[in-house]
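Take a walk through this fold, one element at a time.

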Amino acid sequence: MACSQRDLQGSKLGTYYVVQLPEPDDFAFWRERARGLVQCDVPPDWVAWVEPGGSGNLFAHGERRFPLPDADAPSVRASKRFLKLARNAALHSDPERFALLYRLLWRHQSNPRCMEDKADPDVRRIEELDKAVRRDSHKMHAFVRFRQVEDGEGGEHYVAWFEPDHHIVRANAGFFMRRFANMNWSILSPRGCIHWDGQTMRESGPAQRSDAPDGDPVEDLWKSYYASIFNPARLKVGAMLSEMPRKYWKNMPEAELISELIAGAQAREAGMVSAGTLEFEERPETLEAIDKAIHQCRKCPIGELDNHAVMGEGPADAALMIVGEQPGDQEDQKGRPFVGPAGQLLDEYLERAGIERRETYVTNTVKHFKYVQRGKRRIHQSPAAKEIDTCRWWIEAERAIVKPRVILALGASAARGMLGKTVSISKVRGEPIAIEDGSELWVTAHPSYLLRLDGEARDKQAALFEADLAAVKERVAELTG
């Protein structure tokens with residue numbers, strides 16, 4: 001026993017330890033308490049981590065006072081990667097974050113390499129918390145806007161209002177202290193405030209938006225400057241909204257100009273599409289603009305055929321994107337993806353898997369129907385690798401706007417459209433492939449392949465297809481849950 005017996009009396013059921021955290025972002029305090037609990041061999045489900053203003057486990061039978069490890073208690077092991085992620089994860093707003101950190105620390109003692117398992121739910125969760133906190137800090141660095149106020153003594157003082165998603169204000173104080181070392185400033189937030197007078201950093205409690213000023217005379221000059229440097233030729237609305245979400249606009253003086261500047265740029269783009277003079281040097285930044293532009297595209301021989309471009313359909317913020325090869329004869333006639341026999345079969349399997357098609361963005365990697373004419377019939381022809389690669393321009397534009405968490409590629413052509421290279425379905429199916437934009441690619445067979453089979457062969461491939469959809473459904477739920 002590595003700690004006093006009197007502190008561990010009682011059965012496991014109904015006995016737990018409450019750790020009251022002095023601050024919601026106090027990683028050092030958590031680390032000290034967690035080390036002591038591990039040394040006393042206290043398992044994770046015996047511990048309740050409570051933030052300021054919170055309470056313990058209401059369903060437990062009794063609280064135990066904090067155990068003290070003996071002098072000869074074993075040392076606690078933790079990998080460098082865990083500590084790096086844990087420092088950031090502790091700043092997240094998830095009330096279960098400290099329990100997660102303790103659970104991982106506990107597991108380190110029996111498995112020092114537990115952080116190497118990328119499929120482990122706890123490892124994935126701490127990575128998600130770390131990523132969210134880093135992104136929130138980046139937004140704070142980018143979108144804090146100081147406004148000048150009188151300090152009561154005739155001097156200059158600058159005040160900013162920022163609404164973080166997580167407990168990052170204190171952690172980022174050093175950044176602003178170094179960047180604005182010669183200014184007297186305050187950053188107010190609903191999660192606490194920091195103040196710098198040129199020599200000393202001071203903290204205070206939460207503030208309200210009304211505590212911050214609405215504007216100052218310098219803002220007109222700043223807005224004129226922003227409008228003069230705005231380059232409509234380089235406008236990427238999707239990327240801009242990803243980096244500068246609308247929630248921050250109300251605190252940024254230049255945000256008043258953005259809608260007007262975007263509208264002007266998009267009007268010029270729409271005119272070029274209508275006139276057929278659009279040169280595809282910059283991708284359209286809306287699904288509507290892509291829809292118009294693909295009808296003008298003649299970059300490969302498929303676009304020269306007597307056919308119509310077929311745009312994807314579904315929510316512009318869908319968590320799941322399903323990508324097929326190309327539209328077929330019925331899709332070309334109706335102007336919608338997956339409405340022919342293969343699409344009907346896909347709908348059947350989606351329903352079995354519990355995937356709502358109306359909540360999914362469905363599209364094709366090639367936008368025009370490739371065929372050869374045989375009498376009155378148009379016979380499907382598979383697109384060549386060069387044609388798929390040419391059409392990647394459009395599928396990448398769709399992907400950049402929708403930003404799906406998971407992409408399901410139906411068939412080898414769709415997989416090439418996502419990866420830029422040909423892969424074997426049998427070798428890659430059933431496992432996620434990480435894509436550079438942070439989404440996951442899953443690959444399965446195209447439903448038209450099932451239509452060409454019968455008997456035992458079809459039963460086998462149908463079972464694999466059904467299993468692939470079930471796995472994708474589960475993964476989307478994990479990422480969005």
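This is a predicted model: local features need pLDDT of at least 70, side-chain atom pairs count only at pLDDT 80 or more; totals for chains, interfaces and linings use all residues.

Start with an open sheet of 5 strands, ordered 4-5-6-7-8, with mixed pairing. Helices (H or I, at least four residues) and strands (E, at least two) are DSSP runs numbered from the N terminus. Two strands pair if DSSP finds at least two bridges between them. Strand 4 (147-150) and strand 8 (201-204) stand at the edges, each with a single partner strand, so one side of each has no neighbour in the sheet. From one strand to the next, the twist averages 25 degrees.

Residues are numbered from 1 along each chain as its sequence is written, and side-chain values use heavy atoms, with hydrogens and water left out.

Now step back to the whole chain. The protein chain has 16 helices and 15 strands. Of its 481 residues, 47% are buried (under 20% relative accessible area; exposed is over 50%, partly exposed in between; 1.4 Å probe, protein chains only). Consider contacts, meaning heavy atoms within 4.5 Å. Among those between residues at least 6 apart in sequence, 72% join residues at least 24 apart.

Next, a helix pair. Two packed helices are described by the angle between their axes and the distance between the axes. The axes of helix 1 (residues 27-39) and helix 2 (residues 80-89) come within 10 Å and cross at roughly 130 degrees. That makes helix 1 oblique to helix 2. Angles under 35 degrees count as roughly parallel, over 145 as roughly antiparallel, 65 to 115 as roughly perpendicular and the rest as oblique. Axes are lines fitted to C-alpha atoms, for helices over the stretch in contact, with angles from 0 to 180 degrees between N-to-C directions. Helix 1 contributes Phe 27, Trp 30 and Arg 31 to the contact, and helix 2 contributes Phe 82, Leu 83, Ala 86 and Arg 87.

Move on to a hairpin. Strand 11 (residues 371-374) and strand 12 (residues 377-380) run antiparallel, joined by 4 bridges. Arg 374 stands opposite Arg 377 in strand 12. There are 2 residues between the strands, and Gly 375 takes a positive phi near 65 degrees.

Strand 15 (residues 440-444) comes next. Strand 13 (residues 406-410) runs parallel to strand 15, with 5 bridges. Ile 407 stands opposite Leu 441 there. Strand 14 (residues 433-434) runs antiparallel to strand 15, with 2 bridges. In that pairing, Ala 434 stands opposite Glu 440. Strands 14 and 15 form a hairpin with 5 residues between them, and Gly 438 in the turn has a positive phi of about 95 degrees.

End at helix 16 (residues 455-480), which holds Gln 461. Is Gln 461 buried or exposed? Gln 461 is buried, at a relative accessible area of 15%. Leaving aside neighbours within four places in sequence, Gln 461 contacts Arg 429, Tyr 449, Leu 450 and Leu 453.
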